[in-house]
Amino acid sequence: MGAAVTSDVALDRVKSARGLLVAPLGIAALAFGIFRLVDSTDLSTVEERNLAWEVVRPQILDHLYLTFWSTVLVIVIAVPLGIVLTRPGYKRFSGPVLAVATSGQALPAYGLVVLAFALMGRGQWSMIWALVLFALLPVLRNTMVGLEQVSASVIEAGRGMGLTRRQALTKIELPLAVPVILAGVRTALVINVGMATLGFLIGAGGLGIGISSGIKLSRELVIVVYAALTAVVALSVDWIASVIERVLRPKGL
Amino acid sequence: MIRLEAVSKTYPGTEVPAVEALDLEIPEGEILVLVGPSGCGKSTTLRLINRMIEPTGGRIIFDGEDVTSVNPDHLRRRIGYVIQQIGLFPHQTIAQNIATVPKLLGWDKQQIPRRVDELMDMVGLDPSLYRDRYPKELSGGQAQRVGVARALGADPAVLLMDEPFGAIDPITRDRLQNEFLRLQEELQKTIVFVTHDIDEAIKMGDRIAILRERSHIAQFDTPERILAFPVDDFVRDFIGDGSTLKGLVFERVRDLDLDDDYPVVHASDDRAMARQTLDASDERWLLVLDDEDRPVRWVNDGHLARTDVPLTELGPPVVATVAPQATLHDALEEMLLSNAGQACVVDGQGRFQGIVDIDTLAQVLRRLRASAKKHYDDLAATEGS
């Protein structure tokens, strides 16, 4: 019976590993599709100027820069905040803080970007802070939910053996909350990739520049290519996150 | 070892204390069972000892030291703790779980794996099979064994167990209880064991404290004495019907004064001899032994009238036999099966030693009750004087 259990676990791992390989194939296919589309089309000068690698590349890099830093900040802010709000004595603040985080996500994205511009002016960091506010909620909420779903008896057993509060948090609660927290981070990442397309509005760059030019110039090909590139970035980022999630997820869960 | 002095706990916002001025001396090297109805404060009492719940009054003395205000985390590392839900860490292997307290105490790196293997052997889990497994791969019974091994991790002198076998199916529970009692014979830990099940209390306890509301001790004594002499109606109601019968479990056949002049004949004796023996006694049944003194048949007056059958084929065969190490409870069961309403005590070779009957049991029970009552009368007398 023991052996059967072990092999079931192993089988699950093989299955999910196979799942992880499917996504990059799809992403590669999409990227190749874009390339073939551009390659096989007779490009006009305008299109050529907008689709040149030297134009696309900095937009992709800016896009990744916005996504990366906003997500890092979200984690740095939301995870500790979530930890504090689940400690006894601070639980009563969780309602108001969640309300603020929810309103961050409930504000129209466009309005939030404009607000960031009004407060901090043009530039990438204005956009990054707008993204942070927008994506705070999923990470904060998942951190709190992840910590709260850790079975009380596991914590009781740990404390009963002489783990300090801090040790119970770092050795038991956080590792057991990791899968839920990471799911929140993944959501934040995907939100940020999508939202970063609005960065061009306040001079933060990103793939939104290309999309916007396509619209202004009425070049459907340009719009499609940039939209598809955004999808490629979103899917890649999500895939990387899923790999990280797999690596960090504690065994035995 | 551990003494509670007027310990109480009143939760904030409540008037009535959950535990009120409890004095409790926990006997060293024994299992003390705290038992009582739901809400009597037995779990709270247990958790006051390792200060998972902070007392609001009184003192806790551990090894002669007042630990009421020492660092509770350090205190808990010296006290094993087992709870009903077990609470194994799901993200750690069995070995890591068991190593928890030794690691907290900063044991030597080489020493810990040795200790883990030793503990797994102790609770009957093969280390090579289970060491690297995760809790979710274990059955309920196995998980509880790991729970016990983990609590014993750093060899604490004291173990607190809160309904440790409460969530396990009856058959496995019985096995775990027996294994645990065997383990305790070796380890001689000071154990405080909480349960709501009086039968578990009787089985596991060297001593039982029956608690009523606010953790007041209704009776504190050995299970034998509690069964023989419940001090009041609360205890009587709590231990329930059949407590007298339960008490028979603690008495052994070998400790009885066996009736050794019971009328017996050997198979080789003649009919007249048998008749004479039966007539000479006031018993209704005569026991027929074979040449090696093993009981074979019960014979009465009516059977002896038949002369066409040998003695060894007369009357009902002897089915009810008990060994000297059997409990009186076993003896009673055998007795109820036997035609004569009596059980034959036989030694290891099956040789007849004597007879137990209902009268013998009744005598034992009367004696137990009388001696328990005398014990309490003496106590009352010393307190009075």
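Predicted model: local features only at pLDDT ≥ 70, side-chain atom pairs only at ≥ 80, totals over all residues.
Q: How should I read the way in which two helices are packed, and what is the angle between α7(B) and α8(B)?

A: The general idea is that two packed helices are described by the angle between their axes and by the distance between those axes. Here, helix α7 of chain B, residues 140-151, packs against helix α8 of chain B, residues 170-187, at an angle of about 25 degrees, and their axes are 10 Å apart. Because angles under 35 degrees count as roughly parallel, α7(B) is roughly parallel to α8(B). The crossing in which α7(B) passes α8(B) is right-handed.

Q: What are the angle and the distance between the axes for α3 and α6 of chain A?

A: Helix α3 of chain A, residues 53-85, and helix α6 of chain A, residues 124-148, pack at an angle of about 40 degrees, with their axes 6 Å apart. The helices α3(A) and α6(A) are therefore oblique to each other, and their crossing is right-handed. By class, the contact of α3(A) with α6(A) has 22 nonpolar and 4 polar residues, and no charged residues.

Q: How many residues of chain B are in contact with chain A?

A: On the side of chain B there are 22 residues in contact with 19 residues of chain A. The elements of chain B that give two or more residues to this side are α2 (72-76), β6 (79-83) and α4 (100-104). By class, the residues on the side of chain B that touches chain A divide into 10 nonpolar, 7 polar and 5 charged.

Q: Is chain B as a whole spread out or compact?

A: The secondary structure of chain B comes to 16 helices and 16 strands. Its radius of gyration is 27 Å, whereas the globule rule gives 21 Å for 385 residues, and since the value for chain B is well over that, chain B is more spread out than a compact globule. Taken along the principal axes, the C-alpha atoms of chain B fill a box of roughly 85 × 60 × 30 Å.

Q: What scores come with the model, and what is the mean pLDDT of chain B?

A: The model scores ipTM 0.80 and pTM 0.81. For chain B the mean pLDDT is 90, and 99% of the residues of chain B reach 70 or more.

How values were computed
Residues numbered from 1 in each chain as written. Chains lettered and ligands numbered in written order. Axes fitted to C-alpha atoms, helices over the stretch in contact; angles between N-to-C directions. Helix = DSSP H or I, 4+ residues; strand = E, 2+ residues; numbered from the N terminus. Parallel < 35°, antiparallel > 145°, perpendicular 65-115°, else oblique. Left-handed = near helix turned anticlockwise from the far one by under 90°. Contact = placed C-beta atoms within 7 Å. Nonpolar A, V, L, I, M, F, W, Y, C, P; charged D, E, K, R; others polar. pLDDT = per-residue confidence, 0-100. Rg over C-alpha atoms; globule rule 2.2 N^0.38 Å.
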